[in-house]
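Welcome, and thanks for taking a look at this one. Here is a short briefing to read alongside the sequence and the 3D view.

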Amino acid sequence: MTTTFRSLLGATALGLVLASSQALAADPIKIGVIAEAQAIAGASIPQAAQLAADEINAKGGVDGRKIEIITYDNHSSSADSVRAFQRAVNEDKVNIVIASYISEVVLALEPWAARLKTPFITPGAASNEISKAVHADYEKNKYTFHGYLTSAALAQSVCDAAKDLLVDQKHMKTAVIMSEDAAWTKPLDIGYEDCLPKIGLKVLDHIRFSPDTTDFTPIFNKIEGSKPDVIITGISHVGVQPTVQWKNQQVPIPMFGISSQATNSTFSKDTNDASEGVIYQGVSGTGVAVTPKSIPFTEAFKAKFGNFPSYCGYTAYDEVYYIADAVKRAGSTDADKLVAALEKTDWVGTIGRTQFYGKDDPFTHSIKYGKGLITGLMLQWQDSQQVAVWPSDVAKAKLKFPSFIKVTTN
Amino acid sequence: MLALQILIDGFAISALYALGATGFTLIFGVSGVLNLSHGAIMVLAAVAAWAAASVLHLGSYSGALLGVAVAVVASFATYFAVVQPIQKSRRIATEEKEIFILTSTLLWGIMIQELIAYFFTNNAKTVLPIVEGVVNIFGERTTKNEIFTAVVCCVSIGLLWLLVNRTRTGKAVLAASMNPRGVTLLGLELGSIYLVVWGIYGILAGIAGVLLGMFLGVSSYSVGPLTASAFSIVVLGGLGSVSGSLIAAFVVGYLETITAYLISPAYRTIPALLLLVAVMYVRPQGLLGRR
């Protein structure tokens, strides 16, 4: 009897232990996603994150743990984002946060990631200051990761492409920089001013304008007055309006550079096809196989949400995957262990191979730019489609301009 | 050359400002209502015209008409759902009604703005232009759309002038703006005059919104700045004075254009706001204000 009782007790105890360890294993990995749900760029962030989580969960999760995405709409506001971040950490107990494509918002969240000791990755902000702050005070700010190219890298990417496409192919010699006045364009403009002359494009003028500008007529007239071969853009908060006015006014100079809204697949519709001929930098694009994962992702996204992802949809999707990978390697969701694991990230996702710069690099925790890692692409709107024109290994088309554009040396 | 550019561009934008502000000031002149949902109604018209082309695949004329029609509906909705209940309420003291209307139209505007952002995102939209292409005016390349905008604005304002000064209904509206009690003593129903005014307002705001969508483009973010610009033009010109608003619209439009060309596009709106402050100091009733 005693033996039976003992073995029964033992079995029960074992069962309890097993059950509790199973319960532990079943604790979900909670990822808070704070994004601009009303903006085309931001709306893709929670959607792409959810898609990645669903795929990972369908394959059994991470060591038996499911990924749970908790989303917050920040109404494009820094104050709302900070409140969402506090709520995510303090009430919803998330393990890590993915947030925003607006540099001002990310810079507001960075000290909160430090105070609340919660890892945080941005899928789309660009300001150099994000990763510079990590470098300047690593122990405090190490929780922030910059999951998108810095403005400095973006400027470099535009210059690398301009060298091949504009200087070598079209023999262009002069440029005017046109950028909106925002946190992310300050380092971008410094990058442009530095690298454009090096590739052989003389900068004739530099126009910065308020992001709430609606009438671009004086700006285009001023640019035309200095007769440049190309307008190098740095625009994100604006996009539709300057593009439509550029076409309506038949400004005979091509636009080339960063134009975040042009990355949206609805851009041709929003501009009534004024987008034709616009050349913009992206980390990926519909139908462009940057890696074998790019096209399956866009197709799955389209099937689920009815539209193609914005640029930060790609990065948000990759981020969920490499967070899952980091949790697996760390064997834990403990903040410090997760940070250490994320620093060792080497993940081939939809935009290329993601690795982060280390502690000693000026852009600590920003994704590495370069061949074999992430170089970005140049795309152009042609016949209402976004086609890759650079680099040559993924380019499907040659540059093509609407008739009002005068590119003499074809 | 630069002077000609400023002259042409300034005219188009000023005419657009004038049309936007006219309806706003007319409503205030006749019924004492400061409609702070003005920007939202303009944006709604533009977004409806955009959606007509992009979603329903209508042509540019039908799209524009639909935009104006939506603005008229929105204008009546503002009157019946927001303004009239407050005007008729017995629980709100008469002297507090103005501030109630001010706040409620502001909230109404925010509701419209959020709905637009919810259904159509807060990214900018542009309305399919009715006329495309460019012409040369003394060597200055000018878009036909810019000329079209200026012409439609001037014609609309001209028609409004004819309506107010040459028709019986218009004269009743004018009389109501001068002395509402006198009008009722003459046996005219003030309620029906208000209806006419809100109808005219809807058409004017609709045309201004659609033209703005064609010329510059709009987004849900434009709601606040549009209301603010109409408000400052009307205050500058003198509350309730249509001719004052017209003059103020051209002053603001040209001041902005000159600043953008000669100083920097980044400082475009600043001098006009400084002027507003200065005028408030020297002449608080505005340029042509009666009180």
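In chain A, the C-alpha centres of domain 1 and domain 2 lie 33 Å apart. The bounds, which come from an automatic or database domain assignment, are 2–148 + 290–350 for domain 1 of chain A and 152–283 + 373–390 for domain 2 of chain A. This is a predicted model, in which local features need pLDDT of at least 70 and side-chain atom pairs count only at pLDDT 80 or more, while totals for chains, interfaces and linings use all residues. Residues are numbered from 1 along each chain as its sequence is written, and chains are lettered from A and ligands numbered from 1 in the order in which they are written.

**Where the two domains of chain A meet**
- Domain 1 of chain A brings 17 residues to the contact and domain 2 of chain A brings 14 residues; two residues are in contact if their C-beta atoms, placed from the backbone, lie within 7 Å.
- On the side of domain 1 of chain A that touches domain 2 of chain A, two or more residues come from each of helix 2 (40–58), helix 4 (103–115), helix 5 (128–136) and helix 13 (311–330) of chain A. Helices (H or I, at least four residues) and strands (E, at least two) are DSSP runs, numbered from the N terminus.
- That side of domain 1 of chain A has nine nonpolar, six polar and two charged residues. Here Ala, Val, Leu, Ile, Met, Phe, Trp, Tyr, Cys and Pro count as nonpolar, Asp, Glu, Lys and Arg as charged, and the others, Gly among them, as polar.

**Where chain B touches chain A**
- Chain B gives 28 residues to this contact, and chain A gives 28 residues.
- Elements of chain B with two or more residues on its side are helix 1 (2–31), helix 2 (38–54), helix 4 (94–120), strand 2 (140–143) and helix 10 (242–262).
- The residues on the chain B side divide into 14 nonpolar, ten polar and four charged.

**A helix pair in chain B**
- Helix 9 (residues 223–237) of chain B passes helix 10 of chain B in a right-handed crossing (the near helix is turned clockwise from the far one by less than a right angle).
- Among the residues making their contact are Ile233(B) and Leu236(B) of helix 9 of chain B, and Ile247(B) and Val252(B) of helix 10 of chain B.
- By class, this helix contact has seven nonpolar, three polar and no charged residues.

**Confidence in chain A**
- Within chain A, helix 1 (residues 2–25) has the lowest confidence, at a mean of 51, and strand 3 (residues 96–99) the highest, at 98.

Key. pLDDT is the predictor's confidence in each residue, from 0 to 100.
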